[in-house]
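This report describes the fold of one protein chain, from its overall make-up to individual residues. The sequence and the model are shown first.

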Amino acid sequence: MKFYSINSSSNKKVLGYYPQTKGEQHNCHVWDDEKFIDRLDFKKIDFEPITSNAILYSKSNLTDLISISSIGFSRKLLVSSKLKSILESNQQKDVCFFKSSLIKKGIEINNYWITNPLSLIHISEPTRLLSIS
């Protein structure tokens, strides 16, 4: 089994601003909507879930891994299309990806995805370890 390390950073040269996110925008009632992404942990789903949008500070850089841990992003990674492609090429279909746009300076940025693992993936902060068989 191979292990890959995905590291978050607090380096302002990398991030532009720390923390990168100042909040999130929810697109449903997070406690009541059955299709909200945080209610679907470790489940294979056959519909498009409702995701939240991370709101970035204006000085934040667009990195391949956006560090956010709030409602809508619990036990999940927020990744760019580039990192999504890397993860997809090295996994056994045990993670699903769903669109989750970012908002920066009031502009929606569409090439980001939220992961929804189908099984427990060992995650430890500040390093996120992803086990791939």
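## Basis of the description

A contact is counted where heavy atoms lie within 4.5 Å. This is a predicted model, in which local features need pLDDT of at least 70 and side-chain atom pairs count only at pLDDT 80 or more, whereas totals for chains, interfaces and linings use all residues. Residues are numbered from 1 along each chain as its sequence is written, and side-chain values use heavy atoms, with hydrogens and water left out.

## Overall make-up

The protein contains two helices and 10 strands. Helices (H or I, at least four residues) and strands (E, at least two) are taken as DSSP runs and numbered from the N terminus. Read from the N terminus, the order of elements is β-α-β-β-β-β-α-β-β-β-β-β.

Of the 133 residues in the protein, 42% are buried; buried denotes under 20% relative accessible area, exposed over 50%, and partly exposed the range in between, with a 1.4 Å probe and protein chains only. Among contacts between residues at least 6 apart in sequence, 68% join residues at least 24 apart.

## The mixed sheet

Four strands make up an open sheet with mixed pairing, in the order S2-S3-S7-S8. Its edge strands are S2 (21–25) and S8 (107–109), each of which pairs on one side only. From one strand to the next, the twist averages 30°. Strands are said to pair if DSSP finds at least two bridges between them.

Within this sheet, S3 (residues 53–56) and S7 (residues 102–104) are parallel and share three bridges. Ala54 is placed opposite Leu102 in S7.

## The antiparallel sheet and its helix

A further open sheet of four strands has antiparallel pairing and the order S4-S5-S9-S6. Here the edge strands are S4 and S6 (95–99), each pairing on one side only. S4 is joined to S5 (residues 78–80) by two bridges in the antiparallel sense, and Ile66 stands opposite Leu78 in S5. S5 is in turn joined to S9 by three antiparallel bridges, where the bridge partner of Leu78 is Ile114. S6 and S9 are linked by five antiparallel bridges, with Phe98 opposite Ile114.

In a regular strand the side chains alternate between the two faces of the sheet. For S9, both faces are covered: Tyr112, Ile114 and Asn116 are buried on one side, and Trp113, Thr115 and Pro117 are buried on the other. Six of the six residues of S9 are buried, so this strand is largely enclosed by the rest of the structure. Helix H2 (residues 81–89) lies across S4, S5, S6 and S9 (112–117) and runs at about 100° to S5; axes are lines fitted to C-alpha atoms, for helices over the stretch in contact, and angles run from 0 to 180 degrees between N-to-C directions.

## Thr51, a buried loop residue

Thr51 is located in the loop between S2 and S3 and is buried, at 9% relative accessibility. Leaving aside residues up to four places away in sequence, Thr51 touches Asn27, Ile37, Phe98, Lys99, Ser100 and Ile114.

Which backbone oxygen lies 3.0 Å from a polar atom of the Thr51 side chain? The oxygen belongs to Lys99. A polar contact is a pair of N or O atoms within 3.5 Å; within protein, one must be able to donate a hydrogen and the other to accept it, and residues adjacent in sequence count only if both atoms are side-chain atoms.

## The aromatic pair

A pair of aromatic rings is described by the distance of the centres and the angle of the planes. Rings of Phe, Tyr and Trp (its six-membered ring) pair if their centres lie within 6.5 Å; planes under 30 degrees apart count as stacked, over 60 as edge-to-face and the rest as tilted. By this rule there is one aromatic pair. Tyr17 and Tyr57 form this tilted pair, at 4.5 Å centre to centre and 45° between the planes. Tyr17 lies in the loop between helix H1 (12–15) and S2, and Tyr57 in the loop between S3 and S4 (65–66), so the pair ties together parts that are 40 residues apart in sequence.

Tyr17 is partly exposed, at 31% relative accessibility, and Tyr57 is partly exposed at 27%.

## Cysteines

The structure holds zero disulfides, a disulfide being a pair of cysteine sulfur atoms within 2.5 Å. Cys28 is buried, with a relative accessible area of 18%, and Cys96 is buried, with a value of 13%.
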